[in-house]
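Take a walk through this model, one neighbourhood at a time. Keep the structure open and follow the residue numbers as they come up.

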Amino acid sequence: MGLGMRCVRCDSQNKPDNEFCEGCGAALGLKCDVCEHVNGPASRFCGQCGAALANRAAGPDPSAQRMLRSLSSKGGERKNLTIMFADIRNSTSLLDSLGDPELAMRRLEPVLNLMKDAVHRYDGIVNKIQGDGVMALFGAPRPHEDHAVRGCLAALAMQDSVARLADPSLQIRVGLHTGEVVVQTIENSIYQTYDAAGANVHIANRMEQMADAGCILVTKDTYAGARQFVEVAPLGLQPIRGIAAPLEIFKLTGLLNAPASDIFRSGKRLTPLIGRSDQFAALELELGNTIKGDGRVVGVVGEAGIGKSRLCFEFAEACRRQGVRVYEGRVLAHGRATPFQPVLELLRDIFGIRAKDPAEMSRRKVIERFGTIASSDQQLLLLLEFLGLTDPDRPAPKLDSRALKIQLLDLVRALVRSRPGDTPTMVLIEDLHWIDAASEEFIETLTSGRAAPPRYFPHDAELNRQGPRALSEISAARLAHNSPLSIILSFFSKPIVPQDLQINETVTERTESKAKQKG
């Protein structure tokens, strides 16, 4: 007898012929409305006729319930994550002036909802709502390597959303800290919840308490994890109540728009590019065809953590040395919360717009580069609005969503057809497997006009992930068996000897495990 169906409500295992759960009485499986075939609880389409299954609420997420039970039995586990605290500044006096607690709740509820929405947008969890504020976790229970980035982006989104309320009596302050905590299940008579404990939680709370209204404070640890994506103002070492040593604190001021390759220009010494000569030669061959006038679209594919970004960086640097113009964009795993994020990043690089440029300077760069290309004044104004550079004296015309999309796609086509001399151009777009559908259509439009002038579009994507298909693909396979050790020993100018083989086995095993976790 095979395994029975597991109940999505209480997670109980049932007999194969059961129609209802023995543990809670809930119906097992999803019945198709077309052919009445009973499908698995996680099915989206009927296995008998292919019809879409109705989206039925199935109670609590079973994976979350299993996680809470596991934590409860283990007593907790250590996790490295980013903790956020946010609250409404001077809320006590505001509540006191209202008198009635129901009025107070109605007054604060819109702000609390904006706080929660910002956390959820970047895949964090709100584990506590504390009257006038929230505590949130990024990186657990849903694991994300970029949890510090997500926390910072959620904090910026939170401040922006609250500022749009235009209510001076409702201003928030936010604090972030990244570090190791113990995550655990907290149970009481009403509910079971997920929580974090440890000194690092208190540090995040202190950051919030030290922040002024409308301000976001982050520690050095959070900034270290997000420095490629955010702008800060250093505040130096600050004493923290309850913590023996002062901590380096930063004020988070905004997002940093930077080429993807800046990650490899952080000042750290790079190891030699080992084991990628075949892939590098294949990229150079495609570039040669592009220089001859035959534009190419090439996908660099491989497992997560295999070295695709480093390969693309080294090739982009080689192109620059040959006088090839290089434009870069990257698709962020958390970028789905920002519409057209990769398209905007690529356009900013094409127009030479930097994060610290004043709006007027950025606007002038776009007008100088695109003004002579645009088919109409309206198209130029739409581009400025799309880039967030609307001219207050000349706003773009209001169009419905379909007309706006058509105009913006025409705009991208005009940009592709523009001819800055006969200089070959390489457009590098990283991590296309994260791309959203709207951005994908823009990228497809961009690549469809690759032949004039000669343009080259390499991009990297993980295997088995969605993204625009390339005309040709270059596979970044796993490195040769002794390559990890060769990379490590390059720091010491030491030849490989037999005694090093055990080290190589350990390094290979651990790096492969880390890559699988990332994927």
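Start with helix 11, whose buried residues are Gln379, Leu380, Leu381, Leu382, Leu383, Leu384 and Phe386. That makes seven buried residues out of ten, so helix 11 (residues 377-386) is mostly covered. Keep in mind that this is a predicted model. An α-helix has 3.6 residues a turn, so residues three or four places apart point the same way. In helix 11 the buried list includes Leu381, Leu382, Leu383 and Leu384. Just past the end of helix 11 comes glycine 388, with a positive phi of about 75°.

Alanine 374 sits in the loop that links helix 10 (359-370) to helix 11. Is alanine 374 buried or exposed? Its relative accessible area is 16%, so alanine 374 is buried, the cut-off being under 20%. Residues up to four places away in sequence aside, alanine 374 touches Gln379 and Leu380. Both of these are among the buried residues of helix 11.

Zoom out for a moment. The protein has 15 helices and 15 strands. Of its 519 residues, 44% are buried. Take the contacts between residues at least 6 apart in sequence: 65% of them join residues at least 24 apart.

Next, the helix packing. Two packed helices are described by the angle between their axes and the distance between the axes. Begin with helix 2 (residues 91-98) and helix 3. Their axes come within 8 Å and cross at roughly 135°. Helix 2 and helix 3 are therefore oblique to each other, since the roughly antiparallel class needs an angle over 145 degrees. The crossing is right-handed. Helix 2 brings Leu94, Leu95 and Leu98 to the contact, and helix 3 brings Leu103, Ala104, Arg107 and Leu108. By class, six of these residues are nonpolar, none is polar and one is charged.

Helix 3 (residues 101-121) also packs on helix 4 (residues 147-163). Here too the axes come within 8 Å, but the crossing angle is roughly 150°. Helix 3 and helix 4 are therefore roughly antiparallel. Their crossing is right-handed. From helix 3 the contact uses Val111, Leu114, Met115, Ala118, Val119 and Arg121. From helix 4 it uses Ala154, Ala157, Met158, Ser161 and Val162. The tally is nine nonpolar residues, one polar and one charged.

Most residues other than glycine have a negative phi, and most peptide bonds are trans. Aspartate 123 has a phi near 65°, a positive value in a residue other than glycine. It is found in the loop between helix 3 and strand 4 (125-129). Aspartate 123 is partly exposed, at 26% relative accessible area. Alanine 166 is not a glycine either, and its phi is positive at about 55°. Alanine 166 lies between helix 4 and strand 6 (172-187), in the loop. With a relative accessible area of 65%, alanine 166 is exposed.

Turn to strand 3 (residues 77-88), which holds aspartate 87. Aspartate 87 is buried, with a relative accessible area of 9%. Which side chain does the aspartate 87 side chain join in a polar contact? It is that of arginine 173, at 2.8 Å. Beyond its neighbours within four places in sequence, aspartate 87 is in contact with Met115, Asp132, Gly133, Gln171, Ile172, Arg173 and Glu208. Met115 was met above, in the contact of helix 3 with helix 4.

Finish at threonine 222, in helix 6 (residues 220-226). Why does threonine 222 count as buried? Because its relative accessibility is 0%. Its side chain makes a polar contact with the side chain of threonine 178, at 2.9 Å. Neighbours within four places in sequence aside, threonine 222 is in contact with Ala148, Cys152, Leu176, His177 and Thr178.

Definitions and conventions: Residues are numbered from 1 along each chain as its sequence is written. This is a predicted model: local features need pLDDT of at least 70, side-chain atom pairs count only at pLDDT 80 or more; totals for chains, interfaces and linings use all residues. Side-chain values use heavy atoms; hydrogens and water are left out. Helices (H or I, at least four residues) and strands (E, at least two) are DSSP runs, numbered from the N terminus. Buried means under 20% relative accessible area, exposed over 50%, partly exposed in between (1.4 Å probe, protein chains only). A polar contact is a pair of N or O atoms within 3.5 Å; within protein, one must be able to donate a hydrogen and the other to accept it, and residues adjacent in sequence count only if both atoms are side-chain atoms. Contact means heavy atoms within 4.5 Å. Axes are lines fitted to C-alpha atoms, for helices over the stretch in contact, and angles run from 0 to 180 degrees between N-to-C directions. Angles under 35 degrees count as roughly parallel, over 145 as roughly antiparallel, 65 to 115 as roughly perpendicular and the rest as oblique. A crossing is left-handed if the near helix is turned anticlockwise from the far one by less than a right angle, and right-handed if clockwise. Ala, Val, Leu, Ile, Met, Phe, Trp, Tyr, Cys and Pro count as nonpolar, Asp, Glu, Lys and Arg as charged, and the others, Gly among them, as polar.
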